[in-house]
Structures are given as structure tokens and as C-alpha cells.
Amino acid sequence: VNGESKPRVYRVHAVNTFNSKRKRMSVVVEQSDGKILLLIKGADNMIFERADAKTDKKMHDQHLSNFSKKGLRTLLAGMREISKEEFKKWKVQYDTASQTVGENRKKLLAEAAEAIERDLRVV
């Protein structure tokens, strides 16, 4: 990295919307090189619950505690790369949920989001 910014193009495949129960939102995108990523932001407790084992939660907690003592509100961001096979399987679940009409739609969309929002690397 030399400090220069480079535009990047992403294809958005899915948006898991924010609501007060989920306390997070995410998007599934494809980079121009074909890599599929989940990008997520949300309340610290919701992101930590879904973080991978490598996440240094103690270090993040210290920073979050310092911010809260100053009266600052915080969000955490996370990501993970998704294999093409996992994406294809999940996309069927997501598309079925998003095309559902009626009371069950919100529940199915929440289940689809929950299925993909895991093993996050906190960034």
C-alpha cells in the first residue's frame, strides 16, 4: 500500500437489512476478481457473538470500554470470504426467503442472515 486510493467495483448479491432485534446489517458482495465477501456492521455484542476464534475480544473490549467512558457510541465491522459453493447454497435460501409473501417472510430472511453471518473477522 502506497497511500493511493484505487476504485473498486463490487456486485451486490444480497442485503440483510438492519432492524432493532438484529442490531446489525450485512451485504454479500462479489469483487471484480470473483471473491465473494460478507461485509457486516453492527452492535459490538452482535458482532462478537459471530466472530471467529482468532478475534482478540479482550483487546476490542478495552477499546470499546475507553470509547464508552468518553460517551461515544460504537459499531463494529466484520467480514469474511465465502466459498462459491457455500454462496450458491445460501443464495437459494436467501432468494426463497426474499420471494416469500406473507407473515413468514421476515422470519425466513432472518434465518438466512443468521446462516451466513458467522465466523467473522472483526476489522
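D119 lies in the loop between α4 and β5 (121–122), where helices (H or I, at least four residues) and strands (E, at least two) are DSSP runs numbered from the N terminus. This is a predicted model, in which local features need pLDDT of at least 70, side-chain atom pairs count only at pLDDT 80 or more, and totals for chains, interfaces and linings use all residues. Residues are numbered from 1 along each chain as its sequence is written, and side-chain values use heavy atoms, with hydrogens and water left out.

**Positive phi in loops**
- Phi of D119 is near 55°, a positive value in a residue other than glycine.
- D119 counts as partly exposed because its relative accessibility is 42%, given that buried means under 20% relative accessible area, exposed over 50% and partly exposed in between (1.4 Å probe, protein chains only).
- K23, found in the loop between β1 (10–16) and β2 (24–31), also is not a glycine and has a positive phi of about 55°.

**Helix pair**
- α3 and α4 pack at an angle of about 165°, with their axes 8 Å apart; axes are lines fitted to C-alpha atoms, for helices over the stretch in contact (heavy atoms within 4.5 Å), and angles run from 0 to 180 degrees between N-to-C directions.
- α3 and α4 are therefore roughly antiparallel to each other, a label used for angles over 145 degrees, whereas those under 35 count as roughly parallel, 65 to 115 as roughly perpendicular and the rest as oblique.
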